[in-house]
Amino acid sequence: MNDSQILSTFADLPRPGVAAAVPDHGAPARPLAWDVCQLGVVLRAVLFVQAVTAVGVMFVAPAPQAWLMSTALLTAGTLPATLLWLLMACGGRRLFSSWPMTAQWLVAGVLGALAGLAGCGLLAWSGLLLVVPWVGSAAGGGLMALVLLAGLVWRAKATMPAGTQARLVELQSRIRPHFLFNTLNSAIALVRAEPKQAEALLEDLSELFRHALTDQGQAVPLAQEIDLARRYLAIEQVRFGERLRVVWDIDPLADAARLPPLILQPLVENAVKHGVEPSPEGAQLHISTQRRGAVVVIKVSNTVPAGSGAPGHGLALANVRERLALLHDVEGQFRHSLRDGVFRVRLELPA
């Protein structure tokens, strides 16, 4: 069992006779269904509405050319209407999410009807319609809005199912103890010779476990993840000494970027496990953040010694990729590569 894999790797087998302890926090948290401000959600909503429009026109268009002309005409109304609804939903997402679900469905339909009327009014103002279908536009807009909200509710629930939360609590209650034992042994060895260093070591350990065992919410600032990684590496520095060489290149402008909690930790732990542990000479870790306009780039790299052992199962990397996609959808990018003896992980997310 690897000592360094404590925060991001958990035992998979249940303990006989021990049930998962799930704390009771009252009513379950309502998913943030109105999370429509992401680029991926906007693109899917627009494509869905346009696809429904195109299919609907097929029922009345006598020929392909007529279908193309009618679809283009209706797109001039449905596209602005869809974007208007998304804009209103994005602006009021926090307010709407605090309402009961019945009220949320009602406001979604009303906003959809208003958006449909706005799109119809745009076509009427342009003089492209001989007959203006006000009632049909309001009804169609309201119906499409309800369908979009249903998709958003399903997506929000998929990001935090109750079963997954219960499983997480169970796993967190069974963290591997070896990292804890090694850290405490290091602290005991330092108590007499370096009492201040021992105290700092225990403070770092306490902070690591506080983050690992408490609910941090859906997203945390990048600065918090960097601080946690620093504490973890400070503990491992005591263990590995000069074998662990860390280079930091942190851009303060990127500190406010939001990312899932404990997503940087497994990347750093993997670097220690596969780079430092197997090599008598150790390895160099390079952790950098950079803000490039509206995008923040995070890089974690480590040298990999020859013959470092069998490769891992990639569970930590897969977990990071999935959690990043759940939070940022298509705006979150994750890539990794092994080239010239250096393993690199690159994350991109909105600033």
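Predicted model: local features only at pLDDT ≥ 70, side-chain atom pairs only at ≥ 80, totals over all residues.

Me: What span does helix 4 reach from its first C-alpha to its last, and what is expected?

Reply: Helix 4 covers residues 101–126, which is 26 residues. Its end-to-end reach is 38 Å, close to the expected 38 Å.

Me: How does helix 10 do at 1.5 Å a residue?

Reply: Helix 10 has 12 residues, so it should span 16 Å. Its end C-alpha atoms lie 16 Å apart, which agrees.

Me: Let me step back. How many helices and strands does the protein have?

Reply: The protein has 11 helices and 7 strands. It has 351 residues, and 38% of them count as buried.

Me: What does buried mean here?

Reply: Buried is under 20% relative accessible area, and exposed is over 50%.

Me: Which residues of helix 4 are buried?

Reply: First, the general idea. An α-helix has 3.6 residues a turn, so residues three or four places apart point the same way. Now the case. The buried residues of helix 4 include Q104, V107, A108, L111, G112, A115, G116, G119, C120 and L123. G109 and A113 are buried too.

Me: How many residues of helix 10 are buried?

Reply: Helix 10 is mostly covered, with 10 of its 12 residues buried. Among them are Q265, P266, L267, V268, E269 and N270. A271, V272, G275 and V276 are buried as well.

Me: Now pairs of helices. At what angle do helix 10 and helix 11 pack?

Reply: The angle between helix 10 (265–276) and helix 11 (315–328) is about 160°, and their axes are 9 Å apart. Angles over 145 degrees count as roughly antiparallel. Helix 10 and helix 11 are therefore roughly antiparallel. The crossing of helix 10 past helix 11 is left-handed.

Me: Which residues meet there, in helix 10 and helix 11?

Reply: Helix 10 brings P266, L267 and N270. Helix 11 brings A316, L317 and V320. By class, this contact has 5 nonpolar residues, 1 polar and no charged.

Me: How do the axes of helix 1 and helix 2 cross?

Reply: Helix 1 spans residues 39–58 and helix 2 spans 64–91. Their axes come within 9 Å and cross at roughly 145°. Helix 1 passes helix 2 in a right-handed crossing. The helix 1 side includes V42, A45, V46 and V49. The helix 2 side includes W67, S70, T71 and L74. This contact divides into 12 nonpolar, 7 polar and no charged residues.

Me: What share of the protein's contacts between residues at least 6 apart in sequence join residues at least 24 apart?

Reply: The share is 75%.

Me: Last topic, the backbone. What should I look for in phi?

Reply: Most residues other than glycine have a negative phi. D329 is not a glycine, yet it has a positive phi of about 55°. D340 also has a positive phi, near 55°.

Me: Where are D329 and D340?

Reply: D329 sits in the loop between helix 11 and strand 6. D340 sits in the loop between strand 6 and strand 7.

Me: Is D329 buried or exposed? And D340, buried or exposed?

Reply: D329 has 12% relative accessibility, so it counts as buried. D340 is exposed, with a relative accessible area of 74%.

Definitions and conventions:
Residues numbered from 1 in each chain as written. Heavy atoms only, no water. Axes fitted to C-alpha atoms, helices over the stretch in contact; angles between N-to-C directions. Helix = DSSP H or I, 4+ residues; strand = E, 2+ residues; numbered from the N terminus. Parallel < 35°, antiparallel > 145°, perpendicular 65-115°, else oblique. Left-handed = near helix turned anticlockwise from the far one by under 90°. Contact = heavy atoms within 4.5 Å. Nonpolar A, V, L, I, M, F, W, Y, C, P; charged D, E, K, R; others polar. Expected span 1.5 Å × (residues − 1). Buried < 20%, exposed > 50% of the residue type's maximum accessible area, 1.4 Å probe, protein only.
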